[in-house]
Amino acid sequence: MTASHPLPLASRSVSVLSLHADLVRIPSLSFQEKPAADYVEAFLRGVDGLEVGRLDENVWASLGDGTDDVLLLCSHLDVVPPSEDHPYPPFSPTTVDGAVYGRGAVDAKASGAAMLTALADLAASGWRPPAGGRLVVALTECEETGAENNGMEKMRDRVFGDALPEPTAALVGEPTELRPCLAQKGLLIL
């Protein structure tokens, strides 16, 4: 953890926008997610009532201890490299006309910040899932690269069914302009 990435204090309510800005400030190109994963893990460990785990640069937390009705909220920590003509500093969140610019600001640090904040707020309020239920938030590595390095694939192979029960449903944080999508129809990496 560096001075440029201060940890939010668990004793105070953290706004989704301040958490989002903190995440954008942390460069987390694929295969370089460790500082972002460290930040997320420290944030989650500062929230009372959560069970927190980590596998490589994949971090998760759960609320509740049920195994019958498990909702997974997941997104990814990695970003693609900034282009040479990026209009703003890529790892300095810049707000213009209400929109935040920075590498990963939309894909997918916004989703990660929203999921983390929601989980922390639920835990702090004392809310727990009904009997048999569990809420899990997972932020993973190497989603932008696909294949064997994909963090969710690692979690499916080595975490679900062991440290965590298999999810019964999942919401994946990706930019869709708030339109629900039932599935990704394909992936083309050029």
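At what angle do α2 and α3 pack, and how far apart are their axes? In this predicted model, the two helices pack at an angle of about 15°, and their axes are 11 Å apart.

## Packing of α2 and α3

Angles under 35 degrees count as roughly parallel, and α2 and α3 are therefore roughly parallel to each other. Their crossing is right-handed.

On the α2 side, the contact involves V40, F43 and L44, which meet L116, L119 and A120 in α3. By class, this contact comprises six nonpolar residues, with no polar and no charged residues.

## Packing of α1 and α2

Helix α1 spans residues 16–25 and helix α2 spans residues 34–45; they pack at an angle of about 150°, with axes 10 Å apart. Angles over 145 degrees count as roughly antiparallel, and α1 and α2 are therefore roughly antiparallel to each other.

The residues that meet are L19, D22 and L23 from α1 and Y39, V40 and F43 from α2. Five residues of this contact are nonpolar, none is polar and one is charged.

## Packing of α1 and α3

The axes of α1 and α3 come within 9 Å and cross at roughly 135°. That angle makes α1 oblique to α3. The crossing in which α1 passes α3 is right-handed.

From α1, the contact draws on V16, L19, H20, L23 and V24, while α3 contributes K109, A110, A113, A114, L116 and T117. The class breakdown is eight nonpolar, two polar and one charged residues.

## The largest pocket

The largest pocket holds about 1400 Å³ of space. Its lining is made up of 37 residues, and those nearest the pocket centre are C74, L171, V172, G173 and E174. By class, the lining residues divide into 19 nonpolar, nine polar and nine charged.

Four elements each supply at least two residues of the lining: β3 (69–76), α3 (109–125), α4 (151–158) and β7 (169–172). The largest share, four residues, comes from β3.

## Backbone features in the loops

In the loop between β4 (94–96) and β5 lies D97. This residue has a positive phi of about 50° although it is not a glycine.

A108 is found in the loop between β5 (99–101) and α3. The peptide bond from D107 to A108 is cis, with omega near 5°.

Technical notes:
Residues are numbered from 1 along each chain as its sequence is written. This is a predicted model: local features need pLDDT of at least 70, side-chain atom pairs count only at pLDDT 80 or more; totals for chains, interfaces and linings use all residues. Side-chain values use heavy atoms; hydrogens and water are left out. Axes are lines fitted to C-alpha atoms, for helices over the stretch in contact, and angles run from 0 to 180 degrees between N-to-C directions. Angles under 35 degrees count as roughly parallel, over 145 as roughly antiparallel, 65 to 115 as roughly perpendicular and the rest as oblique. Contact means heavy atoms within 4.5 Å. Ala, Val, Leu, Ile, Met, Phe, Trp, Tyr, Cys and Pro count as nonpolar, Asp, Glu, Lys and Arg as charged, and the others, Gly among them, as polar. On a 1 Å grid over the protein atoms alone, a cavity is a set of points where a 1.4 Å probe fits but cannot get out, and a pocket is an open set with protein on both sides within 12 Å along at least five of seven lines; lining residues have an atom within 4 Å of a point. Grid points are joined across faces, edges and corners, and a volume is the space filled by probe spheres set on the points. A crossing is left-handed if the near helix is turned anticlockwise from the far one by less than a right angle, and right-handed if clockwise.
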